[in-house]
Amino acid sequence: PFVKLGITHQTGIAMPELALNVPVNQWVHRRIKFTDYILNESLMGAIVNPFLFTSYNGANTFYIDNVRYVDSATSPIFSVRLCNMGDTACVTSPPEITWSNSASSWRVADQYIQLTLDSDSTLWGVQIYTNNRAGSANPQYIVNGSSNPVGLVNTTQRRLTVPLAWSIKAGTQPVAAVTPTAAEPNNGADLNSFQWIYMKDALTPNIPQDNTTAFVPGELPVTVKNNVGIHYGQQNTDFGAETPPNYIFLEADFGKALAQHTYRTNTLTLEFFNL
């Protein structure tokens, strides 16, 4: 069927329309610019009904879903900011992620990542990982057998690391209200563990004895968000729709870290991809 798209000005005057040829019995993704059918951009602020869909050539049945208003001519909108814990407005952006209290075991970082994203593609995702064996890695992890290079690397004994995990939350409440409690991700007895997912490295290998699988770009275990929603739990099916912005939290396990040693990574990557 043909579908007619128009808008209504606050005076009740119908503005110019677009005719859309819609294939039968299938979903079709459309990206429509306001400027395609609004001849006078000064009237943008007077729009009261921005999308009015009607049948163009008789009685037809059609469905409309997942309508979004995007305020940029470019797509995707992909904005990442580092914010201090508790600062929902992200007034200041600190230069790095730190842990002020690393005395024992798992600790949540003093900062969180604010992710703002909207894409007009149908299949996309955002993945998180380290790349501690890259040529630009500082410190660069030194391979020790089939060891996993993920995490924070000891700056002097570069075969040693501190594990990292991440958790993503909806931005519908203040940061302080949704900050997860630190927990060992694999500790099923801890009710806080389900929301934490172990980080992988770009060169994480298969390590069966640790139930660790090799890193695969775009795989669900490293995807924090995709076209379905945010990855709120450890299962690959634990994705739920949430509008941006979203908060990404990091935790590290300092329980086995060497005292008076520094652990760092400069290769933590948050990356948008299309499937």
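The model is a predicted one.

Start with the disulfide. The structure holds one. C83 and C90 form it, and their sulfur atoms sit 2.1 Å apart. A disulfide is a covalent bond between the sulfur atoms of two cysteines. The torsion about the S-S bond of C83 and C90 is about -90 degrees, so this disulfide is left-handed. Are these two cysteines, C83 and C90, buried or exposed? Both C83 and C90 are buried. That puts each of them under 20% relative accessible area.

Turn next to the second largest pocket. Its volume is about 840 Å³. The lining of this pocket is made up of 26 residues. Which of them lie nearest the centre of the pocket? They are N148, Y198, D210, N211 and T212. By residue type, the lining of the second largest pocket splits into twelve polar, ten nonpolar and four charged residues.

Now look at V228. This residue lies in a loop, with strand 12 (223-226) on one side and strand 13 (230-231) on the other. V228 has a relative accessible area of 48%.

What does V228 touch, leaving aside its neighbours within four places in sequence? V228 is in contact with F239, G240 and A241. V228 and D238 are ten residues apart in sequence. In space, the C-alpha atoms of V228 and D238 are 9.9 Å apart.

Terms used. Residues numbered from 1 in each chain as written. Predicted model: local features only at pLDDT ≥ 70, side-chain atom pairs only at ≥ 80, totals over all residues. Heavy atoms only, no water. Disulfide = S-S within 2.5 Å. Buried < 20%, exposed > 50% of the residue type's maximum accessible area, 1.4 Å probe, protein only. 1 Å grid on protein atoms, 1.4 Å probe; cavity = no way out; pocket = protein on both sides within 12 Å on 5 of 7 lines; lining within 4 Å. Points joined across faces, edges and corners; volume = space filled by probe spheres on them. Nonpolar A, V, L, I, M, F, W, Y, C, P; charged D, E, K, R; others polar. Helix = DSSP H or I, 4+ residues; strand = E, 2+ residues; numbered from the N terminus. Contact = heavy atoms within 4.5 Å.
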